[in-house]
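I opened the model to look up a few things and note them here.

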Amino acid sequence: MRAARLHEFGQSPTVDDVDIPVRETGQSLLKVEAAALGHLDISVASGTFDIKPTLPHIGGTNAAAIVVESDSIAVGTRVLVRGGGIGLFKSGCWAEFMVAPDTALTLVDPRLSPSVAATFGLPTSTGYVAVHDVAQVKPGERVIVSGASGSVGSMAAQFALLAGASEVIGVVPRADQIGLLPTGVRPVVGRGEELAATLGQEPIANVLVDTLGGDVVSQLIPRVYPGGRAALIGYTLGGSLTLDLPNWLLSDVKILPVNMMRQNARTAELIPGIVERLVAGELTLATQEFPLEDIATALRLMQDGMLTGRAVVVP
């Protein structure tokens, strides 16, 4: 079978011919339909993350797949693969076939396409948790979402609108990303000093949901009203944050982390309702498919913020 394997930290994976894995008791052999690419995968591949798998390593933490062999699940059943160390310290989903513990498998609603099924879990649950559980957006509040054209940012913006926000401001670094914003989101373009000049010096929102980090989040936290909340999710534009401590303390803006690695039970609880909203069209999730052979290109485009949807590889 073909599998995308990381041979050296900090390098792109290569597609190799390897043996089909053999399952053990409590595991299922799966044929992968679509496997997601995420920033967690990039962090693992960097070699600077605290989780360092044994190389060579097959990446990919989420996939939609079909059961080929199993002791507990009928052959031909479509399942979602997530959790159980898959793609982190165990072989992951970037392959034609994979083995996964049965505890990491959940049934896939047949109304979802493989690409949406493989990708919706993390961005939708992250967006929901950021808006409702962490930032606790209330009806009538104004919300800024940075990176609102991306998969997680788009979901956060949509959940903020569904929560009754009076306005959702979608911050994107480039003008060509405006067309990717969800309907009803007001676009603001820029980063760093350009973004600061566009927004002005005064606070403009009750809540910030930041998915970008870097010189975007440092400019947006001062634009939150005193006593407001800033939920921080991502760091695609930079992993460091510098604050003017005296003014931050004066503003009393709460800076709250969104750590989805601690939210597996919450994610499982949220998934059924999210699926219904996706099927009903209340939520929309764009995907962009790549052949497995093009995984290095897909990862580069994702790092550069050039995708038009959540990236998936299709073996």
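**Sheet.** I began with strand β1 (residues 2-6), which is joined to β4 by two bridges, the two strands running antiparallel. This is a predicted model, in which local features need pLDDT of at least 70 and side-chain atom pairs count only at pLDDT 80 or more, while totals for chains, interfaces and linings use all residues. Residues are numbered from 1 along each chain as its sequence is written, and side-chain values use heavy atoms, with hydrogens and water left out. Helices (H or I, at least four residues) and strands (E, at least two) are DSSP runs numbered from the N terminus; two strands pair if DSSP finds at least two bridges between them. I looked up R5 and found I58 in β4 as its bridge partner. The open sheet has three strands, in the order β2-β1-β4, with antiparallel pairing.

**T119.** I found T119 in helix α2 (residues 114-119). Is T119 buried or exposed? T119 has a relative accessible area of 1% and is buried (buried is under 20%, exposed over 50%, partly exposed in between, with a 1.4 Å probe and protein chains only). A polar atom of the T119 side chain lies 2.7 Å from the backbone oxygen of S115. Not counting residues up to four places away in sequence, I list A36, L285, T287, R310, A311 and V312 as touching T119 (contact means heavy atoms within 4.5 Å).

**L195.** L195 sits in helix α5 (residues 192-199). Its relative accessible area is 0%, so L195 is buried. Which residues is L195 in contact with, leaving aside neighbours within four places in sequence? I noted V171, V188, G190, V216, Q219 and L220. I also took the C-alpha separation of L195 and I42, which is 27 Å for residues 153 apart along the chain.

**Aromatic pairs.** I searched the whole structure and got one aromatic pair. Rings of Phe, Tyr and Trp (its six-membered ring) pair if their centres lie within 6.5 Å; planes under 30 degrees apart count as stacked, over 60 as edge-to-face and the rest as tilted. The ring centres of Y128 and F159 are 5.3 Å apart and the planes stand at 85°, so this pair is edge-to-face. Y128 belongs to helix α3 (residues 121-134) and F159 to helix α4 (residues 151-162), so the pair ties together parts 31 residues apart in sequence. I logged both Y128 and F159 as buried.

Key
Polar contact = N/O pair within 3.5 Å; in protein donor to acceptor, adjacent residues only side chain to side chain.
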